[in-house]
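Please open the structure in a viewer and follow the selections below in order. Each stop names what to select and then describes what is found there.

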Amino acid sequence: MTEFKNTEREVHLFRLRLSAAGVFVLICFSLLVARFVWLQVVRHNHYQAQAEDNRISVVPVVPNRGLILDRNGVVLARNFSAYTLEITPSKLVEPLDTVITNLSALVDIQPKDRRRFRRLQEEAKNFESVPIRTRLTDEEVARFTAQRYRFPGVEIQARLFRQYPLGETASHVIGYIGRINRRDAERIADSEDAANYMGTDYIGKEGVEKKYENVLHGITGYEEVEVSAGGRAVRTLSRTPATPGSNLVLSIDIELQKIVEEAFGDRRGALVAIEPSTGDVLAYVSKPTYDPNLFVDGIDQLSWDELNTSIDRPLLNRPLIGTYPPGSTYKPFMALAALETGKRTPANAISDPGYFWFGNHKFRDDKVDGHGTVDMYKSIVQSCNTYYYNLANDLGVDTIHDFMKPFGFGRLTGIDLDNERAGTLPSTAWKRAAYKRPEQQKWYAGETISIGIGQGYNAFTPLQLAHATATLANDGVVMKPHLVKSIENSVTKEKVPVVNGESARIKLKQENIDFVKKALVGVTREGTSARVFAGAQYVSAGKTGTAQAIGIKKNEKYDAKKMAEHHRDHSWYMTFAPADNPRIALAVIVENAGFGAQAAAPIARIVLDYHLLGKRPEDKTAPVLNDAAAPAAPAPQPARQQARPDQSVQRNAPAAVIPVSATAKEHVH
């Protein structure tokens, strides 16, 4: 039986299938068109930007760091360009030690370079490049470039480096820069200036390098660079140049600074010299010093250990942080306090038997038989302790505190360095705050006695004493001490001064200031520093001082020869000159050097000779003016007495027992 096909049905099915396929194709094509429209029209800008980002790399342009110059234009910190060999650990295909070993065949890599690299690697992130060698020679650059394909993750970079051409000179002023560590990076990330540090590897760590970091750094620029698929730069599309940092013009006279540092030799100590009328710091010396160049690339462990463990503490900024009792350099200010409060007149005199009894304790003078009849002038010129024992007892510690505070004792001077220490200007309120136990918080009258001769709880920085001396020389006009004289725009060379005027005025009677100055001139002409300043071609005012480094036992005499060198007395001198129109005021301390006229005063003489006369220590040709010559007075050799009583001191009133502080120390000029 023959079966006939239903042609009409098959045609219908064919058409149905064809229609379905057409609809399917149309839907797919519509989706493709829709996707094309989405990508090419709706999201065009987005994907175009992504494509540009893949093609264009934005590279930060690190600005040149500003220079640091002294007041006469001598460069103290500058920049130079050099090549560094850097490793990015995350990009290495071989073990790090293997890579470094292979690199050492091309580039000289010392053990100290490896140690520094390890330390820097600990502070850096894994994707950051870390230098293994800096300041490559041209030959080393050429050798590595020829073999670069063997070392993925290792690159040569051109970097700007900081250099301190004078080495150790003025290092505590200038400070240094160092690589940005994690702590620095976190602080920068939280600041408003984070974008400005893109690409920056170094930051100020100490000194004015740190204090004026935002001034010295400059403004980061940017380059748009077209890159290949392999990440290599093809061409620069646009450039926003970096703005170099501003230059710092210091108030320091670097020649004077050198002379002072040489005058100290191997001795420890500090000197701060200030121009009274402006507050310009002319010299700022902390000895021993260190070479800031060691820190730029990351100091090696051996050098760090030598600096950090040295008994001489070269990293200690002594003028800023070191605190010492001022000794007899405090007496002129005590005399001025007596005049201003009306407790004494210049004519008031005492009879000095060589000691001062308070309760049942004898506070001794340096001169065993005493100075005889002593008025205020003689008390300063001959540095009579007994006079100031009496005076301190009459004034009281709080009156002394209130008078000394405006001169800057026990207060931050505000100098443009970080980490300044305030020291201690004692008072009853200070002691209540400083101690926890009630019996320690009470101020005993016996503790006031040693305050009058600059001992006891008194502890001031050399910077504070220099600042107070400058204020006295300036008749009570307070000028903020500063190390940066002006900020210079590195492009326009326009200079902006840092300090424009006086900070305050201390209300003092001119006749009282004039009297104290006259007595200080007497110190250099007939007193304790007369021999040092004999033949000077100028009239200076000054005061010697000696301060105990440690206490000695009751009834034991001071004998420097029997003491360890670091336990001997400190040598102080404060001065300003010319006395009638001061152009310089300074304070100098030589640690553990004894009597003030033996060590500190000769350094002060060198400073004044150079600043006022241009005379260097080796210059023996400068003429001597007869009318300025002072009689040669023999330097006194004091017999030291016990300064820290261990027993209680009884008041004149019965049954009142007052212990004298263990910090109360007797003083020799």
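**A buried glycine**

Select G204 to begin: this residue is buried, with a relative accessible area of 8% (buried means under 20% relative accessible area, exposed over 50%, and partly exposed in between, with a 1.4 Å probe and protein chains only). The model is predicted, so local features need pLDDT of at least 70 and side-chain atom pairs count only at pLDDT 80 or more, whereas totals for chains, interfaces and linings use all residues. Residues are numbered from 1 along each chain as its sequence is written, and side-chain values use heavy atoms, with hydrogens and water left out.

Beyond neighbours within four places in sequence, the contacts of G204 (heavy atoms within 4.5 Å) are R65, Y176, I177, E209, K210 and E213.

**The nonpolar cores**

Move to Y284 and F409, which touch the most other members of the largest nonpolar core, a set of 97 residues (such a core comprises buried Ala, Val, Leu, Ile, Met, Phe, Trp, Tyr and Cys residues joined through side-chain atoms within 4.5 Å). Apart from this core lies another, of 29 residues, including A263, Y538, A600 and L608.

Finally, select C28, which is partly exposed at 36% relative accessible area, and then C384, which is buried at 0%.
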